[in-house]
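The following questions and answers go through a predicted model. They cover a metal site, a ligand site and the packing of nonpolar residues.

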Amino acid sequence: MIEDRTTHTSLHHARLKACLFDLDGVLVDTAVYHYKAWKKLANSLDLDFTEEQNEQLKGISRIESLNKILAWGGIEKTDKEKQALATEKNEWYVAMISKMTPSEVLPGTVAFLKAVKEAGYKTALGSASKNSALILERTLLGHFFDEIVDGNLVSKSKPDPEVFLKGASLLGVQPNECVVFEDAVAGIEAAKRGGMKAVGIGSPTVLMAADLVVKNLDQLTVRQLQQLSEL
Ligand code: BG6
Ligand code: MG
């Protein structure tokens, strides 16, 4: 047991230096736009698409989301057809997010981002989305991040830890000095596989693998973050 404890301490009891934020569902509520666009696409293929199915696409890349929808419907498509379908969905989605305003930033987000910056934490975005630049521009959140890692920079989707490891490396910190904020099961798994702390945004029964779960960032203080490193 003593040996275990020592290992645990040396691996995980680092002081947290960086906050890595997922975008969709953590900082902004874009799930409804993804849902509308995927539903339109599914319906055009004569498939149903429920909110429960939409839940399972959280954190998953665009093409993997399409693959899941096609598999649920038992539909086969060539790679070329899949690209065309994914592009069509994205055009509908982009038309909707192009009209987003800062009022769609989730509760407590701006205050929390200000607080972590003031407390000296480094910050990075760690998102699967290829539309992060547009969303950050529309919601005026871009200036809060030292580094942006999104779907344009990574090749492996969450739950692979690539997106967060890249964020840590760009910020010049070790993985065990990072805390990830995530609303998706796949994102929490990515953080844990990367050797990072994970704060779940959502329901504790869904995000069971997180070190701490809150409903929104407005329920979280910087003080609680430091306590996380002692877990
Ligand atoms: C993630 C969302 O942030 O980005 C997923 O949770 C989405 O639902 C993924 O599929 C890819 O987004 P985009 O904007 O590149 O289609
Ligand atoms: Mg998310």
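Q: Which residues are the protein donors of the magnesium ion (ligand 2)?
A: In this predicted model, the protein donors lie 2.0 to 2.1 Å from the magnesium ion. Along the chain they follow the spacing D-x1-D-x158-D.

Q: How many residues apart are Asp22 and Asp183?
A: Asp22 sits in the loop between E1 and H2, while Asp183 sits in the loop between E4 and helix H9 (185-193). The pair links distant parts of the chain, being 161 residues apart.

Q: Are Asp22 and Asp183 buried or exposed?
A: The cut-off for a buried residue is under 20% relative accessible area, taken on protein chains only. Asp22 and Asp183 are both buried.

Q: Which residue places a backbone N or O atom 2.7 Å from an oxygen atom of ligand 1?
A: Of the 15 residues around ligand 1, those that come nearest include Asp24, Ile60 and Asn131. Asp24 has a polar side-chain atom 2.6 Å from a ligand oxygen, and a polar side-chain atom of Asn131 is 2.7 Å from an oxygen of ligand 1. The backbone atom at 2.7 Å belongs to Ile60.

Q: Where does the largest nonpolar core lie relative to domain 1 and domain 2?
A: This core has 32 residues, and Phe21, Leu27 and Phe145 are among those with the most contacts inside it. Elements giving two or more residues to it include strand E1 (18-21), helix H2 (31-44) and helix H10 (222-228). Because domain 1 (2-29 + 105-228) and domain 2 (31-97) both give residues to this core, it lies between them.

Q: How many residues does the second, separate core have?
A: Phe164, Ala168, Val173 and Ile188 are included in this second core. Its residue count is 19.

Q: Is Glu88 buried, partly exposed or exposed?
A: Glu88 lies in helix H5. Buried means under 20% relative accessible area and exposed over 50%. The value for Glu88 is 33%, so this residue counts as partly exposed.

Q: What distance separates the C-alpha atoms of Glu88 and Leu41?
A: Glu88 and Leu41 are 47 residues apart along the chain. Their C-alpha atoms are separated by 7.8 Å.

How values were computed:
Residues numbered from 1 in each chain as written. Chains lettered and ligands numbered in written order. Predicted model: local features only at pLDDT ≥ 70, side-chain atom pairs only at ≥ 80, totals over all residues. Heavy atoms only, no water. Core = buried A, V, L, I, M, F, W, Y, C linked by side-chain atoms within 4.5 Å. Buried < 20%, exposed > 50% of the residue type's maximum accessible area, 1.4 Å probe, protein only. Helix = DSSP H or I, 4+ residues; strand = E, 2+ residues; numbered from the N terminus. Domains from an automatic or database assignment. Donors = N, O, S within 2.8 Å, 3.2 Å for Na, K, Ca; no water. Near = heavy atom within 4 Å. Polar contact = N/O pair within 3.5 Å; in protein donor to acceptor, adjacent residues only side chain to side chain.
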